[in-house]
Amino acid sequence: MATLIKPENLVYQRPEAFTEFPTHYCPGCTHGVAHRLIAEVLDEMKIIDRTIGVAPVGCSVFAYNYFDCDFVEAAHGRAPAMATGIKRVLPDRVVFTYQGDGDLASIGMAEIMHAAGRGENITVIFINNAIYGMTSGQMAPTSLPGMKTTSSPLGRDVEIHGYPLRMSEILANLDGAGYIARRSLHDPKNIRMAKKAIRIAFETQVRGLGFAMVELLSTCPTNWGITPLESLTWLEEHMIPAYPLGDYKVAPGVAEIK
Amino acid sequence: MQKEILIAGFGGQGVLFAGQVMAYAAMDTGHEVTWIPSYGPEMRGGTANCTVVISDEEIGSPLVKNPPAVVALNLPSFDKYENLVQTGGVVVVNESMVDRKAERKDITVIYVPGNEMAEACGNRRLLNMVMTGALLAAFPVLKMEDVKAALKAHLPAKHQKLIPNNFDAMEKGFAHARAQLEGIPA
Amino acid sequence: MPRELLKGNVAIAEAAIRAGLEAYFGYPITPQTEILEHFARRMPELGRAFVQAESEVAAINMVYGAACTGVRVMSTSSSPGMSLMMEGLSYIMGTEIPVVLVNVMRGGPGLGNIAPSQGDYNQAVHGGGHGDYNPIVLAPSTVQEAIDMTVLSFDLAERYRTACIVIADGSIGQMMEPAELPPMQPVKRKDWEWATNGAIGRERRILSSIYIEPAEEEVANLRMFKRWQEIQKNEVRYKEYHLEDADFVVVGFGTAGRVALSAVRTARQQGIKVGLLRPITVNPFPYDVLDELSKRAQAFLVVEMNMGQMLNDVQLAVKGRVPVEFYGRPGGVVPFPDEILSEIQRVATTDLQVVSDPRHAWYERMVEYLK
C-alpha cells in the first residue's frame, strides 16, 4: 500500500492556493467545489500571491480561512464596493469577491449593478442556490416560484413575493460587463465547464477587460431538506430550466481568450 | 475694530462676488475676514445674500443680526434689511429696482440708480461694482485703492480685460454716494 | 504658504490631497458637494483614485476596501448621507483600520434641510453604528481649523488605527476665510504590518471585524478600549478664551463656539466675568479641563446648534458641582451672538439650581422667545 504513495502516482491533491484549514460547509454542499475551482485557477495562473479576496456575509463568510491569499471580510452585500476600493488603489492586484444570492442579488443589488456598470475590473463568483443558507433556509431573491422556504412556507407565491431575479441576464445588459456566464456544479462535466468559465473570468480581469462574473448554480441539501444526491438532481431538473446555462456576455476582447 | 457688511439682491446681480472682492481686499490689507453666503434652494432664481465681517482679531460669529452696513440691490432685500440695520448704520439702495424711500430716520440711506449707472459704464453686470463703490464712500471700512488692488489681484485672467470698466463703475458709484452725502444734487 | 481666501469645503478637499490622500469615494449631498467636486477634478490630474459611488453605503465600503490596503483614504458627506455610512463605520472600527470621514452637518432629523447644524454630535461621538467603538471626532470652527484638522486626522487615524471624523457644519463648508494650506506632501505608501495589499513574499493577512467566539470579541473590545484610553490621554485639544478669572464658563464647539465668542466678548465689555471653552476634539472630550473649571466657576452655559447633545458630556465632567445651563438652536438655525449674550446675562444674574436636565427650562424660554 505504502509503495503506491509516490509523486508519479499523484492524481489529486490540495491546490496550493488552499490553506490546510478544514471547511465548515455542510456535507454535500457545493461551496467546497466552487472554492476548489477558484483555487485551481489561481494556481494555474500563478497569481495567488497577488490576489486579494473579498468574503461576503452568508454561508461563505469564512471563505477567508480557506484561500492562501490576503482576504478582507465585507459587510452584507457590499463586497463589490469593497473590491472597488481595493482595485482602484492597487490596480495590479487580482481582486475577487465570492457572494451568495442573498448577498449579491438582494441586499447588495446596488453595489453589484454599479460595479458592473462602472466596468470595475474585478472578478465576482456568484453562488446561486436559491435559498438563504446561513440564516437557515429563508426565501432568496432567486428562490423558484412555488419553492418552500422557512419564510415562504406555502411555497413562493409570485403574487406576494414576486419573481426570481436572473442576475446573469440582468448584468449582461450593462456595457461595463466584460464576461458574464452561468454554469452549474451538479455533475463532473458541468464542473469542468464551470472551471473554464472561472478561468476566463480571472483572465478578463488580468487583461483589464472589465467586470467579470460567473454565476454558479449550487445546492443546499441542508436547507432544501433533501439528500446531497437528490439535491444534484433537483438542481438539474428545477434550477437549470429557470436559470439556463451559458455565456451571457462575452466582450470582444474576452472572446479572444476563449 | 470689527465691521460687518451685508449685501443682498437677486441671484445674478453679483451679490456674492461683490462680497468676495471686499473679503479679498480685507485679507490683502492684513485683516481677519469672513465671507458667508446664503446657500441652497433660495439661490436658485431667488434672493441671495452674503455677509462680510472684517476685523483686527479672531472673528467670532460670521453672521450678524444687525449689521452696520447693508447693500440692497432689490426691493425684497431693502424691505428685509432696512429694519435690521443698526441704528446709525448705512443702507446703500439700488433705486433702479426699489420704488420707495426708507421709512427709518435713524440710518443713512444712499440711493443709487445702479442699473442705469452700470449700463452707462458699458455693462449692466457692473451693477455690483457701482454699488460697492457707493458703499465705500458711505462706509469707509476699506480704501478704494485696496479694493481695486484686490480686484486686480484676484480676478481670473480671462476677466482681466474688464478691469478698467470695473474700476470706472466703482469710481462712479463712489462719486455718486459722496455727492449725495455732501448734499450735492445728483 | 501664503494666506488664501478659501471656501471651507474646498479647503478640506485640498488639505486632504496635500496630506497624501490616495483615494476618495463619495456621493453628492448639500452642503458638502464642493468637496466631492474638488476631488473630481484634482484626484485624476494627480493620478489618484476618485469614484463617485452609487450611494453613501457603497462609498463607505469602497473606503473600507481601500483602507484595508493601507493607503490614505477618505469620504465626506452630510448628515443623511452619514447615517447611511454608519454600517460601514462600525465595520471599519471593528476591523481597526485608519479612515478619515468629514460630516458637513445640516438640519435634521430626516431629510431636514441644508442649513448649518450640529445635530450629529451624538451620532459621531457616542456611536451611530452598532457595537462599542470610539472614533476620534474633531470639530473645527474656522476654515483654517478645518484644514489643520483634516491633515491631523490622517496622522491620528494611522497612529491609532481608528476612524477619525471631522464634524463641520454647513456654514464652515460654505464660508470663505483667509487660510493657509499645508505644503504638498508626496504620497507615501507605508508598509503597514496589517495591510492586505497582496501576500507577495510574506504570510497572508486577513482583515475582518468578525470574532465569532464571544470571548475573543470581548478581548477585542477591551483592546480597543485600551487604545481609546491612550487617545484620551494624548489627544485632547481645546481652545480657551478669557477663562483665567471666569466666574461663568460658556462651552461650545464649532460654529456655535465661535458665535459664543462674540457674545462672551460683549459680556466682558459689560463687566461680566465670563469665558469660553471651545472643545476642538469632542471625542476625546476635555473632561479634565471642565472638571477643573467646575471647581472655581459658578455656572456653565452649554451652547449648541442642536437639542443638547454635548450638554451631557459637560454635565458628566462638572459632576453636579455647579449648575450647567443650556441654550440651543436646532434644526438648521444658527444663533446670533445677542441670543447667547442674553443667556450669559441670565446665567450671571440668576440664582440657578443644579438640575439633571436643564433643557426643560430652556424649552420654556425658547417657546417664549419664538412667540
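Predicted model: local features only at pLDDT ≥ 70, side-chain atom pairs only at ≥ 80, totals over all residues.
Of the two pairs of chains in contact, chains A and C share the most contacts. Chains A and B, on the other hand, don't touch, and their nearest C-alpha atoms are 28 Å apart.

**Where chain C meets chain A**

- This contact draws on 33 residues of chain C and 26 residues of chain A.
- Sorted by class, the side of chain C that touches chain A has 18 nonpolar, ten polar and five charged residues.
- There is strand pairing across the two chains too: β2 of chain A (residues 70-73) pairs with β9(C) in the parallel sense, over two bridges.

**Where chain C meets chain B**

- Here the contact takes 20 residues from chain C and 16 residues from chain B.
- The elements of chain C that each supply at least two residues are α7 (170-174), β8 (176-179), α9 (254-269) and α12.
- Helix α9(C) gives the largest share of this side, five residues.
- By class, the side of chain C that touches chain B has eleven nonpolar, four polar and five charged residues.

**The seven-stranded sheet of chain C**

- Chain C holds an open sheet of seven strands with mixed pairing, in the order β3-β2-β4-β5-β7-β6-β13.
- Its edge strands are β3 and β13, each of which pairs on one side only.
- Ignoring direction, neighbouring strands in this sheet are turned by 20° against each other on average.
- Zoom in on β6(C) (residues 136-138) and β7(C) (residues 163-169): they run parallel, joined by three bridges.
- Within that pair, C:Ile136 sits opposite C:Cys164 of β7(C).
- Helix α3(C) packs on the sheet, where it touches β2, β3, β4 (73-77) and β5 (99-105) of chain C, and its direction makes about 165° with that of β4(C).

**Helix α4 of chain C**

- This helix has 17 residues and reaches 24 Å from its first C-alpha to its last, close to the 24 Å expected at 1.5 Å a residue.
- Even so, α4(C) bends by about 45° at C:Met85.
- Because 13 of its 17 residues are buried, α4(C) is largely enclosed by the rest of the structure.
- Just after α4(C), the residue C:Glu96 takes a positive phi of about 60°.

- As background, most residues other than glycine have a negative phi, and most peptide bonds are trans.
- C:Thr30 and C:Pro31 are joined by a cis peptide bond, with omega about 5°; C:Pro31 lies in the loop between β2 and α2 (33-45) of chain C.
- Another cis peptide bond joins C:Asn283 to C:Pro284, where omega is also about 5°. C:Pro284 belongs to the loop between β13 (281-283) and α10 (287-293) of chain C.
- A:Ser136 is not a glycine, yet its phi is positive, near 70°. You'll find A:Ser136 in the loop between β4 (123-128) and α5 (158-161) of chain A.
- Is A:Ser136 buried or exposed? It is exposed, because it has 11 other C-beta atoms within 10 Å and the cut-off for exposed is 12 or fewer.
- C:His242 has a positive phi as well, near 55°, and sits in the loop between β10 (238-241) and β11 (248-251) of chain C.
- With 17 other C-beta atoms within 10 Å, C:His242 is partly exposed.

**A buried glycine in a loop**

- C:Gly332 is in the loop between β15 (324-328) and α12 (337-349) of chain C.
- C:Gly332 has 21 C-beta neighbours inside 10 Å, so it counts as buried.
- Leaving aside neighbours within four places in sequence, the contacts of C:Gly332 include C:Arg106, C:Asn113 and C:Pro116.
- The C-alpha atoms of C:Gly332 and C:Asp169 are separated by 9.5 Å, though the two residues are 163 residues apart along the chain.

Notes
Residues numbered from 1 in each chain as written. Chains lettered and ligands numbered in written order. Contact = placed C-beta atoms within 7 Å. Nonpolar A, V, L, I, M, F, W, Y, C, P; charged D, E, K, R; others polar. Pairing = 2+ DSSP bridges. Helix = DSSP H or I, 4+ residues; strand = E, 2+ residues; numbered from the N terminus. Buried ≥ 20, exposed ≤ 12 C-beta atoms within 10 Å, placed from the backbone. Expected span 1.5 Å × (residues − 1). Bend = angle between axes of the 7 residues up to and from the residue. Axes fitted to C-alpha atoms, helices over the stretch in contact; angles between N-to-C directions.
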